[in-house]
Amino acid sequence: MQSQTQTKTKVYTVAQVNSLVRDVLAANLPSWLTITGEITDWKAHQSGHCYFSLKDEESVLPCAMWRTSFAKVKFKPANGLAVLVTGSIDLYVPQGRYKLIVDEMIPAGMGALQLAFEQMVRKLEAEGLFDESHKKPLPRYPQRIGILTSESGAALHDIADSVHNRWPCTRLALYPVPVQGPGAAEAIAAAIADVNRRNDRLKLDVLIVGRGGGSLEDLWAFNEEVLARAIFASRIPIISAVGHEVDVTVADLVADARVSTPTKAGVVAVPDRGDVLTDLMNQQRRLTGSVRSRFGLCNEYLQTVLASAVFRNPLLPIQNREQCVDDLCGDLGDAMRQVFFQAHKQVQDSYEQVARLEPHRLLGRMMVELNELKGRSLAAVTQALNRRDLQITAQENRLAGLNPRSVLRRGYSITQNLRTGQVVRTAGDVQIDDPIVTELADEHRIESRVTGIDKG
Amino acid sequence: MAERKNKDEIAKLTFEQAIGQLREIVTRIEQGQIALQDSLDQYEKGMALIKHCRDILQKAEKRIEKISKEEPTEPPEEEDPEPLLRG
């Protein structure tokens, strides 16, 4: 198998194949091809070369345009742009891809104006002038509407009628401007700026800028940058009402709202009076209905309250309380009686206790006892006195026996040395010539003098 | 007196303000957010607002003023901000 393949076919390198295809293409294709198509995947490289594809409904052709060729192109190619290009097919060997190397490019199927329009759209779009976030909300019920259009054109009356037929209660103010020809865009732009500047007096809620249909040339003012920027800068919301069948204008894109013909301006600018009247009627019905039902409910509640016991017998609470007072009075009496009864009973009990003690008998017994004790104590005292008397007499007798003078009565005497004061008991107690005194039983005294001492 | 004042105030409202207030009143009453007595006052105000809105809607002037490009030397009146060219 392997050997078969080797024998059947020569082995090429990838580069060889790509080079081969390149040569075949170069040999067989016309050296210049003019191709119509739409630009897609447009990429302008930093190097100045441009890479893009041409496409139609069926196919896509990769293209490259070198810097030197691209420098000759007067318009700005962009995606979606239909162009007529001239160039030759070449195969880029490193990638094995073929490309159309574009030498010339001109816009196809459209005039310069159309191209300029497309390019203006792209430019302003990139700047964000068409962004929804910049669109100002339209007032729901405009009171004053400014119309910027030609005083002589049919558009003025188309706009006025379309507004008034739906919403007759608004005032329209015309700012006459040229809508065609050189300077028209500048004039409209100036009018928009002027109206904005004076709107504290003009008091316009919304502006309608427009004209009737016409050719691209006729409508051109509405594609110009100066007008687009004026519309974008307006603080008053702007409705673009330019008559056209298929395409839009730049003014349409930048305006806060747009209609495809002046006769439709009213649909966007104002509400329908009939609708609003119906809404008003509904509001009125809701208002009346809800207030009525609210009162109905309140009345029902009132009736319920009136039917309650309090309102049927207003005295009931008082009566209840009276009864309560009566009950309390009774309870109080009972309680007091109970207290008195208890106290009385206590007194009675105490009296009976006292009575049971029989104090008069107790006193009698005490008197008897006292008398007895009195007698006993008297007897005891007398006895004790008598005993003491006897004892004293005995002692007296004994004492009398001991009295020295009683000895004297038996014939004895007591001699006392006067000099010494001593009783003379022995012969040594006296000296010769000592005065002595002798006491006798009759208590008389004999005084003498010692004259001699016989010492036996 | 207060009623008179109310009426004057309502007459000054734009259609948008009037119908906005009316919707608020209807919602408040429907949701029972206000006392019964107030709901009566609000009901009367609501009816006055409806009348004011209807009056505005009945005014069908159908005329087009013209804005002059020159600044007016005198400030224009409230009712007619700019001189008219045609009615």
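Residues are numbered from 1 along each chain as its sequence is written, while chains are lettered from A and ligands numbered from 1 in the order in which they are written. Because the model is predicted, local features need pLDDT of at least 70, side-chain atom pairs count only at pLDDT 80 or more, and totals for chains, interfaces and linings use all residues; side-chain values use heavy atoms, leaving out hydrogens and water.

**View 1. The two chains.**
Chain A has 15 helices and 13 strands. Chain B has 3 helices and 1 strand. From the N terminus on, the elements of chain B run α-α-α-β. Helices (H or I, at least four residues) and strands (E, at least two) are DSSP runs, numbered from the N terminus. Of the 456 residues in chain A, 32% are buried. Of the 87 residues in chain B, 29% are buried. Buried means under 20% relative accessible area, exposed over 50%, and partly exposed in between (1.4 Å probe, protein chains only). A contact means heavy atoms within 4.5 Å. Take the contacts in chain A between residues at least 6 apart in sequence: 59% join residues at least 24 apart. For chain B, the figure for such contacts is 50%.

**View 2. Tyr141(A) and its contacts.**
Tyr141(A) sits in the loop between helix 4 (112-127) and strand 6 (144-149) of chain A. Its relative accessibility is 5%, so Tyr141(A) counts as buried. Which residues does Tyr141(A) contact, leaving aside its neighbours within four places in sequence? In chain A they are Trp167(A), Pro271(A) and Val276(A). In chain B they are Phe15(B), Glu16(B), Ile19(B) and Arg23(B). The side chain of Tyr141(A) also makes a polar contact with the side chain of Arg140(A), at 3.4 Å. A polar contact is a pair of N or O atoms within 3.5 Å; within protein, one must be able to donate a hydrogen and the other to accept it, and residues adjacent in sequence count only if both atoms are side-chain atoms. Asp272(A) lies 131 residues from Tyr141(A) along the chain, yet their C-alpha atoms are separated by 9.7 Å.

**View 3. Arg144(A) in strand 6.**
Arg144(A) belongs to strand 6 of chain A. Its relative accessible area is 9%, so Arg144(A) is buried. The side chain of Arg144(A) reaches the backbone oxygen of Leu202(A) at 2.9 Å.

**View 4. Helix 2 against helix 3 in chain B.**
Two packed helices are described by the angle between their axes and the distance between the axes. Here helix 2 (residues 15-30) and helix 3 (residues 36-58) of chain B have axes that come within 9 Å and cross at roughly 150°. Axes are lines fitted to C-alpha atoms, for helices over the stretch in contact, and angles run from 0 to 180 degrees between N-to-C directions. Helix 2 and helix 3 of chain B are therefore roughly antiparallel to each other. Angles under 35 degrees count as roughly parallel, over 145 as roughly antiparallel, 65 to 115 as roughly perpendicular and the rest as oblique. The crossing of these two chain B helices is left-handed. That word applies if the near helix is turned anticlockwise from the far one by less than a right angle; clockwise is right-handed. Helix 2 of chain B brings residues including Phe15(B), Ile19(B) and Leu22(B) to the contact, and helix 3 of chain B brings residues including Tyr43(B), Leu49(B) and Cys53(B). The contact residues divide into 12 nonpolar, 5 polar and 2 charged. Ala, Val, Leu, Ile, Met, Phe, Trp, Tyr, Cys and Pro count as nonpolar, Asp, Glu, Lys and Arg as charged, and the others, Gly among them, as polar.

Helix 11 (residues 273-306) of chain A meets helix 3 of chain B, with axes that come within 10 Å and cross at roughly 165°. The two helices are therefore roughly antiparallel to each other. Their crossing is left-handed. By class, this contact has 15 nonpolar, 6 polar and 3 charged residues.

**View 5. Asp41(A) and Asp433(A).**
Asp41(A) is in strand 1 (residues 33-44) of chain A. Phi of Asp41(A) is near 55°, a positive value in a residue other than glycine. Asp433(A) is in the loop between strand 11 (414-417) and strand 12 (435-439) of chain A. Phi of Asp433(A) is near 75°, again positive.
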